[in-house]
Amino acid sequence: MSDHQHIVSSFDRDLETIQAHIMKMGGMVERAISDAARSLETRDDELAEEVRGRDKAIDALEEQINQEAARVLALRAPTARDLRLILTVIKISASLERIGDYAKNMAKRTSVLTRMSPVNGSPAALRRMAREVEEMLKDVLDAYIQRDQDLAREVMQRDQDVDQMYNAIFREFLTFMMEDPRNITACMHLHFIAKNTERMGDLVTAIAEQVVYLVSGEMPDEPRPKGDQTSVDPSIAPDIRA
Amino acid sequence: MYDAPKLERNVDDRTIKFSARNVHVFYGETEAIKGVDVDILDNTVTAFIGPSGCGKSTFLRCLNRMNDTIDICRVTGDIRLDGHDIYDRSVDPVQLRAKVGMVFQKPNPFPKSIYDNVAYGPRIHGLARTRADLDAIVEQSLRRAALWDEAKDRLDQPGTGLSGGQQQRLCIARAVATSPEVLLMDEPCSALDPIATAQVEELIDELRQDYSVVIVTHSMQQAARVSQKTAFFHLGHLVEFGDTGQIFTNPHDERTESYITGRIG
């Protein structure tokens, strides 16, 4: 960020307000992931309900950020770094909103799962995965506010770990379902949670790309590491008939 | 950011029209331009931006030797139009200015009829043999400047009786009447309302098909809208020169960034 302030100081205040809202939204989404994963592991229906209820506030904040961004575009005609800031807050808030939706969906499925018999060990694995995503989100928000593109690039690399955790969980669920068909309903829900968490990792990566763009003016061109092999590698999803 | 007009109007813009190397300009002891190198392309709108006193107008005026009219002004370095040194002894500044037209900040029509305003240049340069030729040039120039429809029924009335925006378009018609190759515009819209400004901007984009246009403007948005290349001047230096899209979304120099984003720098 340029150290210099705008000649029109209200422009600075507008940009600061929008960024404060991004950080607030980021904090709410972090908490949603963390609480949803905890409610899943501890089978806490009340906490899950709370996570679902809080999603409205996240959506409202996205709406507010968009309005503020539109206002700056119309009134200030931002250029260069200011323009990139506005473009990135619009995209980052959209990504955060989607992550919030996935957390809410996790909480919804948790409420269903609490009425079923538990599947051994899997919620703990899911929570580890969610914690990794949450850490990535925290770091990418730090990278954003500190304009640290190295940290953002590091976060992008870590998405591989999430993808690999998902691969492992995918295999585990397949095994559970093959062992006992009574597990299928619960495992289907758990699998959706795992897949959604993996998608959260992708969205955090998208935010990291926006941070790189904001700081450097260029989208990162290195190929994104892809660790999710379940859709391309048949050996990960063995044929049940075998 | 891509420049839409460039995509719409597909013209060859690879030819270098003006080539300036190591240009210095002095007003007495004061050095106003401190070694500028720049290539101005044909069929391209080039915008010069920068704070007041940065030298952008001074540099613009070097391109058709308008600075010759200022006694204490001294220009050094090399400025070539189509490869020919315009400061060479053999060059007649009047002929040069017929090739390199200029439009000023304030509309300055001659105190003559609309017709005579446009016909003045072609007459003194002997571009028309007959009255019919001259009529054709006047009509074509006024059409070029998007003023024909408004002015065709009052060609014998004084140019000063037109509105500000119309007067500025009359000055543009006057400038294009001598079929110049380059058009220099020094803040052509700063005295105009938004509608007249939009008309002049549309005109600039049309003129680009036939001319190389260089525009000095204080309006950053205008520079972004009308130009394909932008040059940022600061304290007599050409700080940054590049594609307009790049200058306005991702300038490389901190001083450019500070200026276009409106920061104290």
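## Two parallel strands in chain B

In this predicted model, strand E3 (residues 45-49) of chain B pairs with strand E9 (residues 229-234) of chain B in the parallel sense, over four bridges. Two strands count as paired if DSSP finds at least two bridges between them. Helices (H or I, at least four residues) and strands (E, at least two) are DSSP runs, numbered from the N terminus. Ala47(B) has Thr230(B) in E9(B) as its bridge partner.

Residues are numbered from 1 along each chain as its sequence is written, and chains are lettered from A and ligands numbered from 1 in the order in which they are written. Because the model is predicted, local features need pLDDT of at least 70 and side-chain atom pairs count only at pLDDT 80 or more, while totals for chains, interfaces and linings use all residues.

## The six-stranded sheet

E3 and E9 belong to an open sheet of six strands in chain B, with the order E6-E7-E8-E3-E9-E10 and mixed pairing. Strand E6 (100-103) and strand E10 (237-243) of chain B each have a single partner strand, so one side of each is left without a neighbour in the sheet. From one strand to the next, the twist averages 15°.

Helix H7 (residues 164-176) of chain B packs on this sheet, where it touches E6 and strand E7 (182-186) of chain B. The direction of H7 makes about 170° with that of E6(B). Axes are lines fitted to C-alpha atoms, for helices over the stretch in contact, and angles run from 0 to 180 degrees between N-to-C directions. Two residues are in contact if their C-beta atoms, placed from the backbone, lie within 7 Å.

## The four-stranded sheet

Chain B also has an open sheet of four strands, in the order E2-E1-E4-E5, with antiparallel pairing. Its edge strands are strand E2 (30-41) and strand E5 (84-85), each pairing on one side only.

Strand E1 (residues 16-27) of chain B pairs with strand E4 (residues 73-81) of chain B over eight bridges, and E1(B) pairs with E2(B) over nine bridges. Phe26(B) has a bridge partner in each: Arg74(B) in E4(B) and Glu31(B) in E2(B). The hairpin of E1(B) and E2(B) has two residues between the strands, and Gly28(B) there takes a positive phi near 65°.

## Helices of chain A

Chain A has six helices and zero strands. Helix H4 (residues 122-146) and helix H5 (residues 149-179) of chain A pack at an angle of about 170°, with their axes 10 Å apart. H4(A) and H5(A) are therefore roughly antiparallel, a term for angles over 145 degrees.

The residues of this contact divide into 14 nonpolar, one polar and seven charged. Here Ala, Val, Leu, Ile, Met, Phe, Trp, Tyr, Cys and Pro count as nonpolar, Asp, Glu, Lys and Arg as charged, and the others, Gly among them, as polar.

## Core and chain contact

The largest nonpolar core has 131 residues, and those touching the most other members include Val204(A), Val140(A) and Val214(B). Helix H6 (residues 184-216) of chain A gives the most to this core, with 14 residues. A nonpolar core is a set of buried Ala, Val, Leu, Ile, Met, Phe, Trp, Tyr and Cys residues joined through C-beta atoms within 7 Å; buried means that 20 or more other C-beta atoms lie within 10 Å of the residue's own, with C-beta atoms placed from the backbone.

The contact between the chains takes 15 residues from chain A and 14 residues from chain B. Helix H3 (residues 80-113) of chain A supplies the largest share of the chain A side, five residues.

Definitions and conventions:
Parallel < 35°, antiparallel > 145°, perpendicular 65-115°, else oblique. Buried ≥ 20, exposed ≤ 12 C-beta atoms within 10 Å, placed from the backbone.
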